[in-house]
Amino acid sequence: MELFIQQLINGLTVGSVYSLVALGLTLVYGILHIPNFAHGALYMMGGYVTLTAMSQAGLPYGLAIVVSMVVVGLLGVLMERLVFYPLRDAPPLHDKIAAIGILLFLEAFAQFVWGADYQTMPTPYGNVVTVFGLTLTVQRILIIASTVVIMMLLYLFLKKTFIGASIIAMAQNREGANLVGINTNKVAMMTFLLSGGLAALAASLASPINLVFPGMGHLVILKAFVIIILGGMGSIPGAIVGGYILGFSESLGATYVSNDYKDIIAFAILVIILTVKPNGLFAKEGH
Amino acid sequence: MLEVTNVSVRYGSFTAIRDVTFSVRSGEIAVLLGANGAGKSTLFRTISGLHKPAQGEIRLDGERIDSLPPDRIVQRGVVQCAEGRKLFARMSVYENLLMGAYVHRKDKEGIRRSIEHVYELFPILHEKRNETAGSLSGGQQQMLAIGRALMSRPAVLLLDEPSIGLAPLIVEQMFATIKQINEEGTTILLAEQNAHAALSIAHQGYVFENGTIVASGTAEELLANDDVRKAYIGT
Amino acid sequence: DSGNNDDGKNVVNIGYSGPLSGPAAYYGERTLNGVKMAAEEINKNGGFEVNGKTYQINVVSLDDKYLPNETAANAKRLVQEHHTPIIFTPHSGGVMAMQVFNQTDNFIIAAYTSEPKITETGNKMTIRIPPRYDGYIPTFTDYVMKRFGKKLAALPTATQYGKDWTEQLLPYWEKQGGEVVYNTSIDFTKDTDFFTIITNALKEKPDVLFIGGPSEPTAKVVKQARELGFKGGFIVMDQAKLDEMKRTIGSYEMLEGAIGVMPLVESKEAGAPQFAENYRAKYNAEPSSESAYNYLALYAFVEAMKAAGTVDDPVAIREHMNEGLKNIPEDKQVYIVPSVGEDGGFESKITVGAVEKGKVVPIELKK
Amino acid sequence: MAVFEKRHLWLAVLAVLALALPLLVANGYYLHMMTMSFIWMIAVYGLNLFAGYTGYLSLAHAGFFAVGAYTLGILTVKVGLPFWGAFALSCAFTSLLGLAIGLVALRTKEHFFAIYTLCVGYIIYLVIDKWDSLTGGVRGFIGIPAPSDIGPLSFQTPVAQYYLVLFFLFAVIFVMYRLVYSLTGRTYIAIRNSEELALTLGISTMKNKLASFVLSVFFTSLAGALYASFIRFLGPDIAYVTVMFDFLTYLLVGGIGTLAGPVVGTLLITFLSQQLQFLQDYRMLIFGPVLTLLIIFYPHGIAGGFIRYQAKRAEARRLEREANQTAAELAASRQGRDGRYVKEG
Amino acid sequence: MFLHVERLTKRFGGLLAVNDVTFSVEQGKINAIIGPNGAGKSTFFNLISGLHRPTSGTITFKGRDITRLPANERAKLGIARTFQTTHLFEQSTVMDNVIIGHRLRTESNLFDAILRTKRHRREEQACKEKAMEVLDFVGLTGVADRLVANLSQEQKKRVAFALALATDPELVLLDEPAAGVNPDETEGLEELIVKMVEGGLTVCLIEHKMSMIMKIADRIMVLNYGEKIAEGTPEEVQNNEAVIQAYLGGSTVA
Ligand SMILES: Nc1ncnc2c1ncn2[C@@H]1O[C@H](COP(=O)(O)OP(=O)(O)OP(=O)(O)O)[C@@H](O)[C@H]1O
Ligand SMILES: Nc1ncnc2c1ncn2[C@@H]1O[C@H](COP(=O)(O)OP(=O)(O)OP(=O)(O)O)[C@@H](O)[C@H]1O
Ligand SMILES: [Mg+2]
Ligand SMILES: [Mg+2]
């Protein structure tokens with residue numbers, strides 16, 4: 001039982017990171033219909049910027065994360081302006097390939113600037129806490145707590161503010177949004193800003209328990225795609241729930257099924273779900 | 001109020017609108033008649049800023065609006081109810097209307113009143129307010145599109161073929177509604193194929209063919225014109 | 001080309017194909033750095049002399065993204081366009097793809113991989129550079145078993161290297177009366193967090209963890225194991241280096257009881273300190289054994305060319321490898337490699353170290 | 001018709017060039033590159049048939065490529081079948097697998113199909129990676145034989161292998177050509193354009209999609225089997241998404257849904273990436289943006305762009321002709337229609 | 001009986017889009033369906049053509065129960081349709097569009113295509129001939145090799161007719177063929193529909209243009225809120241109080 005709960009908490013930790021990454025991905029997908037394969041690269045950039053802000057500018061961890069969210073958010077905006085905006089009328093496949101181009105570039109860029117090797121991100125929250133026989137570090141509690149807070153804020157923003165609603169409106173009809181006076185360019189940029197910021201946050205929170213390196217985006221990006229499909233593409237609650245489902249299925253699958261095949265478990269779950277419900281778990285009924 | 005001067009619009013090398021000049025006076029209903037592909041929608045999209053004209057000027061109350069982005073044009077009070085409706089398919093009817101008031105988003109009380117007004121005009125929307133827009137039938141969607149356009153309390157309302165695919169009873173109501181909206185103070189530019197009904201509520205009319213205006217006049221003049229009757233009214 | 005270059009000097013091209021972009025680039029770069037550093041040193045000292053002609057070395061490196069088919073294409077290109085008698089590559093897939101044609105196309109594969117299969121296929125023109133890891137196993141086992149106990153949990157990296165290690169270590173461990181309580185691999189390219197796996201391993205109450213992979217993530221495994229309350233020792237497979245792991249987690253404190261290869265920086269070999277210093281100066285990074293072994297290998301090849309009296313007859317060069325190894329100048333001997341074995345593998349003298357009371361101490365090798 | 005013949009002439013020139021290449025360049029590197037490119041091309045044709053002509057983007061094709069390759073390896077090395085028997089069986093097996101997966105996967109549409117197949121591809125990768133005893137896992141699979149002789153034909157030399165691969169490439173192009181201009185091909189294109197409409201026109205969309213998918217998988221597995229017998233070493237990475245992305249890049253840069261696209265795109269990209277080798281570690285710094293820019297500025301790919309350009313010119317000529325005609329007609333009918341409308345003013 | 005639906009019902013969530021409708025289509029006649037927006041007319045077509053599965057009720061065509069048959073099978077039995085929003089293969093030429101219309105009458109498969117068998121060549125020829133025939137019928141031979149995307153709205157409507165006719169149907173369902181078409185052109189479409197019936201086809205027509213309906217329809221069914229509220233000749237329907245209430249409105253129609 002203790003093991004089970006410990007693994008639940010482990011799943012909660014990774015699930016939080018997955019959810020954050022998937023949220024950014026699903027936002028961009030939902031609004032601009034771009035499956036942004038470069039999202040993992042934004043995650044990676046988030047790790048490096050935080051690290052650099054700490055080591056070069058000497059900023060404290062928390063502040064470095066904020067800086068990183070802004071920088072990577074702006075990087076996302078730049079991406080939207082330079083690549084996805086010109087491609088807005090192109091068939092969907094083009095976005096994917098263009099995104100792959102960006103991904104290759106950003107990884108090479110990180111390698112060029114920061115080198116190819118692993119780097120360590122220090123955290124002030126390294127202490128271990130043990131409650132009821134469960135082991136946690138403060139960093140892990142921080143990951144879980146800040147994810148929950150960010151998700152609630154995001155939900156309130158989208159549901160309760162007009163600006164947030166404009167994001168949802170644009171997701172459904174870009175021209176219609178234009179016609180009611182929404183500046184769709186601004187919304188698109190804002191979406192990428194949010195998406196980049198969330199990726200940077202996820203990376204900055206997760207890096208102290210892993211490492212920072214040019215390929216670190218690969219750790220999360222495929223899983224994030226699985227999650228947003230699981231949750232229905234473009235669905236925000238879906239991304240959150242999907243993230244945690246994947247986190248739990250990994251930790252419990254590794255414990256009770258097989259560690260070697262735990263990744264297959266996650267993908268197989270998805271394939272089974274899509275086989276039964278071809279439009280995803282949270283798909284809204286079409287018209 | 002709305003002046004279009006020497007406007008041409010191109011799609012690539014194809015000129016959809018050639019050197020068009022006309023105006024809509026404040027408080028009036030002007031109607032654009034024209035066959036399919038004449039360029040009515042193109043003109044509307046250009047006025048709304050969704051296309052940039054290749055040449056010419058568009059002015060609202062004397063100020064140029066042809067270089068403004070679409071959202072700024074809506075803020076100025078030129079609102080379009082477009083062909084194809086462009087609704088937010090997975091939002092409810094109510095939310096669609098709410099989004100229509102985007103430019104007045106600070107004015108909570110105003111929004112409430114506007115919504116009530118729209119429900120009065122189209123009771124069916126009230127009945128379906130919690131359904132998603134995508135599940136409405138063609139005609140209901142058209143009403144919602146007009147309702148949504150009204151939510152931004154336009155000074156000039158552009159209606160692109162509002163009667164398309166509507167039942168006769170509804171068409172009649174629709175024109176009555178348009179007239180009512182106009183009488184409440186909104187200037188209206190209407191694109192229609194249903195010339196008879198359109199001219200019967202309009203003040204001024206323009207006949208569009210192949211991207212240019214080939215005739216214009218008051219509604220009575222156009223109704224009295226045999227060729228116009230023959231081509232667009234069919235009796 | 002091997003021949004004259006612009007200023008009339010003779011040049012030997014040495015080929016390299018490895019992952020220089022993508023997730024494995026850090027590894028590719030380290031191996032390439034060693035080769036390049038040796039070449040530059042040789043060139044700076046005026047090149048080397050064969051049959052009265054003085055040659056400079058030119059390293060031609062190509063990226064293969066870790067893909068065997070790219071390695072094969074690169075090799076074809078290196079041989080065709082640059083007439084390289086020797087091609088370095090740091091992954092077994094690339095080696096195997098080249099072995100299909102290296103004997104007909106006539107070039108030596110300088111393979112930085114400890115995969116035994118590459119030398120078992122009987123390819124006469126392949127040199128395996130790194131030491132065989134099976135030499136470590138008795139010493140490692142003996143040390144941790146005595147110090148911590150008989151229960152072992154194996155958490156190696158999910159690569160061929162990790163698998164090979166595991167397959168050698170576990171039977172030996174059991175033969176020595178030990179018990180393997182948990183065995184799974186960690187995939188550093190797919191796992192974001194190792195808590196789950198380590199939790200599962202620790203619930204079996206092991207005395208020793210067998211870990212390994214690139215130093216940095218391996219260090220993270222150590223750290224998380226300690227966070228989860230593990231008090232025992234570690235067998236660290238030779239890919240990870242104790243000193244690099246220490247850099248990642250800050251001190252040797254958590255590594256107490258870990259046994260692994262002697263860090264290069266602690267090595268007492270003649271060439272090691274100078275190499276480390278030069279490497280730091282040149283690449284602004286800590287040296288690793290990947291760099292050092294490839295560095296040493298190029299010296300050995302150059303000496304073999306001298307001994308063979310040719311720079312463009314790979315067969316002759318291969319035949320003189322033993323002489324080449326013997327003739328490496330003493331100050332370049334980062335490691336001691338007395339000879340090439342029957343199978344074409346370097347027979348290195350290995351050194352082992354363990355962390356005791358916050359310091360790495362050398363451990364006597366068990367025969 | 002003249003255009004038709006001109007196209008045939010071009011094809012003939014290219015075919016002769018391909019046939020003569022080993023005689024023209026003695027460079028083993030170029031021969032190797034070309035052989036590899038041809039193998040990719042065959043795989044990309046497979047992708048093109050389904051994504052370009054039938055309208056469904058499958059991201060599992062790298063997986064099928066790997067299944068084709070590994071099956072050949074397992075059948076020759078572990079089972080000990082003769083090469084060509086194993087070759088045929090590996091394509092057949094992969095196609096059957098494609099059939100099974102297609103039956104389920106094709107219930108999904110658009111992005112869901114893409115991601116579904118992405119997951120299928122990833123599962124294939126994981127299985128290859130983890131199923132050590134069968135595939136050699138991360139160690140890779142070695143010892144695959146070169147194609148065995150067929151009568152007097154021997155495939156031991158690189159030149160012979162080049163011709164072998166070229167033969168299969170020609171065969172695939174021939175089949176594609178026949179297909180695209182046939183009723184069956186039109187049916188696929190109809191499904192791509194609107195599945196609902198195709199259905200109400202009495203076309204069994206599921207059956208057609210499935211046939212197209214299986215053939216597409218067959219092409220890709222053929223490429224995989226050729227790869228295995230050419231490189232003769234297999235690692236799980238050939239099933240990985242990066243290979244899939246490469247296929248897509250070739251297809252898109254060349255022109256999706258065009259017959260020439262796979263050839264043009266594959267040649268261009270493989271050679272471009274080889275030419276950028278001098279940049280070493282930083283070549284992706286250039287290659288990435290070049291790829292993105294190509295996509296932005298040549299959205300239809302090289303071949304697609306060219307076809308469009310030709311179509312546009314033809315349309316412009318037609319419009320010009322019509323304009324001249326109607327101008328004449330108008331002039332003739334003007335007199336009778338004066339005063340039809342009230343004049344402006 | 002030609003086409004007969006018995007107590008047909010379609011429910012979308014809580015909404016009864018088609019509610020317990022029983023209706024027969026008379027062979028060789030123009031059968032019109034009218035009704036307010038959202039009455040369920042298009043849904044009714046979707047049920048007959050097989051794009052939607054009915055919640056309950058049966059559909060019989062030429063004496064055969066087709067309720068569970070998929071759309072493509074129904075097309076083979078001779079049911080063709082057009083869509084309310086013109087639905088064509090926009091990026092293909094008119095000719096290519098129409099050729100596909102006859103595909104269901106051909107047998108050749110992948111292997112025939114690759115081997116270019118006799119059957120394939122014969123069928124290809126047959127499809128082309130059929131295409132020319134129907135293009136001639138709808139009067140579009142002149143634009144056969146133009147892209148559909150470049151056509152006018154009215155021409156597209158005609159292509160949609162041609163496409164439906166190319167399937168060799170016995171029953172053609174037309175969903176608002178004259179929407180967005182000006183009066184002049186509407187007359188042309190009317191003539192075409194009449195010509196189709198004269199050629200032996202049966203037509204089922206949804207339209208809001210009352211002048212057209214009253215002129216050409218033989219029989220009319222009126223739907224309201226998914227229910228059949230009236231059925232009869234144009235005169236009967238025009239004077240039906242319920243229909244006027246629900247749909248036609250007071251004044252005369254344009
Ligand atoms: N996006 C586009 N690209 C190219 N040509 C276009 C585009 N949109 C419209 N056109 C062309 O411009 C011309 C005018 O079209 P427009 O839609 O403005 O006509 P309309 O009068 O609104 O017709 P309808 O009654 O069918 O709505 C037509 O010939 C049409 O084919
Ligand atoms: N796929 C669907 N899901 C949910 N509701 C639907 C769906 N399709 C239609 N409806 C609903 O069914 C009812 C009937 O719609 P239908 O499209 O059949 O009307 P119609 O008579 O064709 O109207 P119109 O003349 O406006 O086209 C409408 O209320 C519509 O909202
Ligand atoms: Mg229009
Ligand atoms: Mg309808």
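Let me start with burial in chain D, where 58% of the 345 residues count as buried; please keep in mind throughout that what we are looking at is a predicted model. In its secondary structure chain D has 14 helices and 2 strands, and its C-alpha trace spans about 90 × 50 × 45 Å along the principal axes. If we take the contacts in chain D between residues at least 6 apart in sequence, 77% of them join residues that are at least 24 apart.

One residue of chain D that I would like to show you is Lys209(D), which is found in helix H10, residues 205-231. Is this lysine buried or exposed? The relative accessible area of Lys209(D) is 2%, and because buried means under 20%, the residue counts as buried. As for its surroundings, and leaving aside residues up to four places away in sequence, Lys209(D) touches Phe50(D), Thr54(D), Tyr56(D), Leu106(D), Ile191(D) and Glu195(D). With Glu195(D) there is also a polar contact, made side chain to side chain at 2.7 Å.

Let me turn to chain C, and to Thr141(C), which sits in helix H6 of that chain, residues 137-147. Thr141(C) has a relative accessibility of 1% and therefore counts as buried. Not counting residues up to four places away in sequence, the residues that Thr141(C) touches are Leu169(C), Tyr172(C), Trp173(C) and Gln176(C). To give a sense of distance within the chain, Thr141(C) and Glu49(C) are separated by 92 residues in sequence and by 46 Å in space, taken from C-alpha to C-alpha.

Now to how the chains meet one another. There are 7 pairs of chains in contact, and of these it is chains A and D that share the most contacts. Chain B and chain C, on the other hand, are joined by no contact, and their closest C-alpha atoms lie 36 Å apart. Chain A and chain E do not touch either, although here the nearest C-alpha atoms are 9 Å apart.

Chain E itself is divided by the domain assignment into domain 1, comprising 1-77 + 169-253, and domain 2, comprising 86-167. The C-alpha centres of these two domains of chain E lie 26 Å apart, and 18 residues of domain 1 are in contact with 12 residues of domain 2.

Which chains surround ligand 2? Residues from chains A, B and E do, so the site is shared between chains. There are 22 residues around ligand 2, and those that come nearest are Ser135(B), Gly38(E), Lys41(E), Ser42(E) and Thr43(E). Looking at individual atoms, a polar side-chain atom of Lys41(E) lies 2.8 Å from an oxygen atom of ligand 2, a polar side-chain atom of Ser42(E) lies 2.6 Å from a ligand oxygen, and for an N or O atom in the side chain of Thr43(E) the distance to an oxygen atom of the ligand is 2.5 Å. On its own, ligand 2 has 630 Å² of accessible area, of which the protein covers 90%. At least two residues of the shell are supplied by each of helix H6 (138-151) of chain B, strand S2 (15-25) of chain E and helix H1 (41-49) of chain E. By residue class, the shell around ligand 2 divides into 6 nonpolar, 13 polar and 3 charged.

Finally, ligand 1, which has 14 residues around it, with Gly37(B), Ser41(B), Thr42(B), Glu83(B) and Glu161(B) coming nearest. Backbone atoms take part here: an N or O atom of the Gly39(B) backbone lies 2.8 Å from an oxygen atom of ligand 1, and a backbone N or O atom of Lys40(B) likewise lies 2.8 Å from a ligand oxygen. From the side chain of Ser41(B), a polar atom lies 2.6 Å from an oxygen atom of the ligand. The protein covers 67% of the 630 Å² of accessible area that ligand 1 has on its own. The shell around ligand 1 divides into 5 nonpolar, 6 polar and 3 charged residues.

Conventions:
Residues numbered from 1 in each chain as written. Chains lettered and ligands numbered in written order. Predicted model: local features only at pLDDT ≥ 70, side-chain atom pairs only at ≥ 80, totals over all residues. Heavy atoms only, no water. Near = heavy atom within 4 Å. Polar contact = N/O pair within 3.5 Å; in protein donor to acceptor, adjacent residues only side chain to side chain. Areas by Shrake-Rupley, 256 points an atom, 1.4 Å probe, with all protein chains shown as cover. Nonpolar A, V, L, I, M, F, W, Y, C, P; charged D, E, K, R; others polar. Helix = DSSP H or I, 4+ residues; strand = E, 2+ residues; numbered from the N terminus. Buried < 20%, exposed > 50% of the residue type's maximum accessible area, 1.4 Å probe, protein only. Contact = heavy atoms within 4.5 Å. Domains from an automatic or database assignment.
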